[in-house]
Amino acid sequence: MAQSDVTGRPNADTVEASTDNYLTQVFAVAAAEVQKLYHDPIELLTRAVQPVLWLMLFGEVMARVRGVAPGGIPYLDFLAAGILAQSALFVAIFYGISAIWERDLGILQRYLVSPAPRSALVAGKAMSAGVRGLSQTFIVYLLALLLGVGVSLDPFHISGVVAVIILGSALFSTLSLIIACIVKTRERFMGIGQVITMPIFFASNAIYPLSLMPNWLRGVSHINPLTYEVDALRALMLANVESEYGLIFDTSVLAGVTILLVAIASKMYARMAY
Amino acid sequence: MSEQGQSTVRDGVVVETKALTRKFGNFAAVDDVSLRVKQGEIFGLIGPNGAGKSTLIKMLTTLLPSTSGSATIAGFDVILQPAEVRRHIGYVPQLLSADGSLTGFENLLLSARLYGIPRRERRERIERALARMGLAEVAHHLAGQYSGGMLRRLEIAQSLLHRPAVLFLDEPTVGLDPAARETVWQRVLELRDRFRRTMIVTSHHLEEINEFCDRIAMIDRGRIAATGTPVELKSRVGPDATLDDVFMRLTTATSETEAEGSYGAVRRNRQAERRHG
């Protein structure tokens, strides 16, 4: 009703301080993702199928092979943390598809004409992937408890898992966004998504320890961020397992790589609208 | 321009381009375009597919950098001050920019947060915007269930929430039935008459452009073929000429190889039409 809002006059005076704004903008993008999940929870159920298959089919069979998991932990326990990381990875790595989809629709253009800095938009997308990763976490935890995995329910451990899942999802979804910026079409992305998911998954400690690997593959696994995500998750999710590289090292690697990828993606994101 | 400092506007000119040019390789999609649009004008951009209208709008909305030349919006340079420009413009793309998996309210909330509208004002401004666009009843329905006309009005509400000085409407009535088109134009006229908003509109419905635009630029092969009021342009061609006649006379409507006429662009536009319609 105020007269000032009916003129074409810009109203910079009602715009909040910038740091506050930045976090609000990141949060806005992630909040939209939560709202979408709330409107369509069926997607969560369909996403639950894959971890169920891995744990109940692959896990039950491999549990019969002695000596796969190190230090005498039951194989199913060992696998549970790996599958947690994997299910978050699979959600995150196809995140670029939705960016391409949003470009084709026109939603991306709407984000890009807003005054939100590109890095806030990219970080918001990364946090959105974290939200989806957390919904996967809930499912894998439920399943692990049902299967009698020695899950730690210590609140400190659970908050640690939440943090690592958000970091890992942010990392791989931003990698996915960078790929989307390069390939630009959904068809090409589908092919590439498959091609990179498999090596990230298999060249890691997700389903077997690095000690079983030939040397060259162990080298690859050591530069694979998923290895550090799994290592942290294993230590936090399971009651009596120690981290191999140390939680601080694991999370520093994940945080460092995420920041680097967000910086790269922020430079490329706007070019999708050309 | 730069000596204007804050968003003060000289002689009521809100949008100004000087020799604005965008090349893709050797092809100049927009070639040496100089335009001035005054506050409170509805300014129509017309021209054949691939003439460069979309490329021009992308540069003015900071989505695409120019190759040379300059453009200012509300006194801010689109290349040097993109964040300020973005604060002062609203953009309704030809494509579908509302998110169908969110409700109308949630779509507006997302915009409100991205534009830094203070928390205490958000709800009230969103509700007012929804009411003004006749969407109050369906505020909490998923936008995916809206009709084409409702989606367009939601998108216009989204792009106005931060009270921009200039609103860009790229084919706002594409794929809409006549009643929905009429409603969209009524809102546009109201924005001009009650709120003195400046609007830049593209459309292939020349009768709409003729009826509702104050001034027009006809673009052909990236260049301005003519500017003026609809009456001025028609009188150049003949006493009983329509805007269609002007269009046929002044443009070379053959564009088989250019960006907007390409297979990909046609597919996207038709998808947009289908989703709106």
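Predicted model: local features only at pLDDT ≥ 70, side-chain atom pairs only at ≥ 80, totals over all residues.
**Notebook: a helix pair, a core and an interface**

I started with two helices of chain A: α10(A) and α11(A) are oblique to each other, because their axes cross at roughly 140° and only angles over 145 would count as roughly antiparallel.

Next I looked up where the pair sits. Helix α10 of chain A covers residues 225-237 and helix α11 of chain A covers 247-269. Their axes come within 9 Å. The crossing of α10(A) past α11(A) is left-handed.

Then I went through the contacts. From α10(A) I noted A:P225, A:Y228, A:E229, A:D231, A:A232 and A:A235. They meet A:L247, A:D250, A:T251, A:V253, A:L254 and A:V257 of α11(A). Sorted by class, that contact comes to eight nonpolar, one polar and three charged residues.

On to the core. The largest nonpolar core has 154 residues. Which of them touch the most other members? I got A:A80 and A:L233 from chain A, and B:I73, B:A157, B:V166 and B:F168 from chain B. I followed up B:V166: leaving out residues up to four places away in sequence, B:V166 touches B:V14, B:V15, B:I73, B:A74, B:H88, B:I89, B:T198 and B:I200.

Last, the interface. I have 32 residues of chain A in contact with 37 of chain B. On the chain A side, α1 (18-39), α4 (95-105) and α5 (107-112) each supply at least two residues. The most comes from α1(A), with eight residues. By class, the side of chain A that touches chain B splits into 14 nonpolar, 12 polar and six charged residues.

Conventions:
Residues numbered from 1 in each chain as written. Chains lettered and ligands numbered in written order. Contact = placed C-beta atoms within 7 Å. Helix = DSSP H or I, 4+ residues; strand = E, 2+ residues; numbered from the N terminus. Nonpolar A, V, L, I, M, F, W, Y, C, P; charged D, E, K, R; others polar. Core = buried A, V, L, I, M, F, W, Y, C linked by C-beta atoms within 7 Å. Buried ≥ 20, exposed ≤ 12 C-beta atoms within 10 Å, placed from the backbone. Axes fitted to C-alpha atoms, helices over the stretch in contact; angles between N-to-C directions. Parallel < 35°, antiparallel > 145°, perpendicular 65-115°, else oblique. Left-handed = near helix turned anticlockwise from the far one by under 90°.
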